[in-house]
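Hi,

Here is the structure I promised to pass on to you. Have a look at it first, and then read on for what turned up.

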Amino acid sequence: MEFKRSLLVPYSAEDMFDLIEGAEHYPHFLPFCSGARILERSDEWVAARLDFSYHQLRFAFSTRNPKRRPEWLQVRLVEGPFKRFQGDWQLRQLGDQGCKITFEMAYEMADGLLDRLALPAVEAVSRAIVASFIRRAEETLLPCDRKLPVAVAAAAPRPITPRETAMPTPDTALLDAVRGCRLAEQLTPEQAATLAGLMQLQVLPAGHLLALEGTADQRLYVVLEGTLGVVKSRGQPEESLLATLVAGDLAHELGFLDGAPRYASLVATTDARVLLLERDRLESLLDTEPRILYRVMCAIVRAVHQVQKRLSVQATELANYVYKTHGRY
């Protein structure tokens, strides 16, 4: 299998190179990666052993990779379930706007039974690898246009945000959640892994405000556990609960599609777990994985149709009630 992806990111080549070269952090964000150990590191080389877990199957491989910071890093196999394997990262700084990243990978599985059983996991990782690195960059790096000059940065260190101090969500939990949600109903396991690289898993305490009435955003939520309340005029005397969303429901489907302001606030009415998908992340698949984007959009439209059907049934029942009671309560 061969794979190539090029894209522009708003981060410096130095920062992106450090993220790519830091294999010891891969278990925090790379799909199915359960362990990593640096075997050797110098200015010219980095060698590492990576452990992967896919359902009940476990396998590992070792690489010794020549590098030149921050321009390139070549992934070269030493030992693993491959007959042939190589990967190449190329990074080019684009002034103060960010950098261009090009990633190429080619591999062929070995002939053993266990090697062939590892193929689905290898394919899933290869399809999601670039999205996983970009998502990690968004979570941990500062874009070029927000960096302070060195002298200013030394005098005023950037404060640590809660997002940076929080423990990363285990990838296995995120992958399992995405595979089990309605957005992935028509996706293959490999496609679901790619989608997982674009989503976030959030744990919410009861009372947490996810979105405020009247604000506009492009965030779609999928309820996994607990309940979310759609609340009109939150905090006002006329506050009212319009709907309660339970496991399997989507929140803000239409606003996710058209960017319209929220008609009501979205609040966790119990402790809850949700998946978050932002529209620009989904649209990043337009050129490389259009089939995933299409199937996810179909799932969203199906959910909207179900809501419309339920509202139509309720409207009919209400009309029948009013007719039978002659408009009397």
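**What I found**

Among contacts in the protein between residues at least 6 apart in sequence, 62% join residues at least 24 apart. Please keep in mind that this is a predicted model. The protein has 329 residues, 45% of which count as buried, and its elements are 10 helices and 15 strands. Its accessible surface comes to about 17800 Å², with 54% belonging to carbon and sulfur atoms.

On confidence, the mean pLDDT is 82, and 81% of the residues reach 70 or more. Helix α1 (residues 13–21) has the highest confidence, at 94, while helix α5 (residues 162–165) has the lowest, at a mean of 34. Across residues 150–170 pLDDT stays under 50, and the model has 15 contacts beyond four places in sequence for that stretch. Where pLDDT is low, the predicted coordinates should not be read in detail.

Now to the rings. The structure holds 10 aromatic pairs. One of them joins phenylalanine 61 and phenylalanine 82 edge-to-face, at 5.5 Å centre to centre and 90° between the planes. Phenylalanine 61 belongs to strand β4 (residues 57–68) and phenylalanine 82 to strand β6 (residues 82–93), so this pair ties together parts that are 21 residues apart in sequence. Both phenylalanines are buried. Phenylalanine 82 also forms an edge-to-face pair with tyrosine 107, at 6.0 Å centre to centre and 70° between the planes. That pair links β6 to strand β7 (residues 99–109), where tyrosine 107 lies, 25 residues apart. Tyrosine 107 is buried, as is phenylalanine 82. Elsewhere, ring pairs link Tyr26, Phe29, Trp89, Phe103 and Phe133 into a cluster.

Two charges over rings may interest you as well. The charged end of arginine 64 sits over the ring of tryptophan 45, 3.9 Å from its centre, and lysine 232 lies over the face of tyrosine 263, 3.7 Å from the ring centre.

Which residues of α7 are buried? They are Glu190, Gln191, Ala192, Ala193, Thr194, Leu195 and Ala196. With seven of its eight residues buried, helix α7 (residues 189–196) is largely enclosed by the rest of the structure.

Finally, threonine 215 is in the loop between β9 (209–211) and β10 (219–225). Threonine 215 is partly exposed, at a relative accessible area of 31%, and its side chain reaches the backbone oxygen of leucine 212 at 2.5 Å. Not counting residues up to four places away in sequence, threonine 215 touches Pro261 and Arg262. Proline 261 is 46 residues from threonine 215 in sequence, yet they are 5.1 Å apart in space, C-alpha to C-alpha.

Best wishes

Key. Residues numbered from 1 in each chain as written. Predicted model: local features only at pLDDT ≥ 70, side-chain atom pairs only at ≥ 80, totals over all residues. Heavy atoms only, no water. Buried < 20%, exposed > 50% of the residue type's maximum accessible area, 1.4 Å probe, protein only. Helix = DSSP H or I, 4+ residues; strand = E, 2+ residues; numbered from the N terminus. Contact = heavy atoms within 4.5 Å. Polar contact = N/O pair within 3.5 Å; in protein donor to acceptor, adjacent residues only side chain to side chain. pLDDT = per-residue confidence, 0-100. Areas by Shrake-Rupley, 256 points an atom, 1.4 Å probe, with all protein chains shown as cover. Phe/Tyr/Trp six-rings, centres within 6.5 Å; stacked < 30°, edge-to-face > 60°. Lys NZ or Arg CZ within 6 Å of the ring centre and 35° of its normal.
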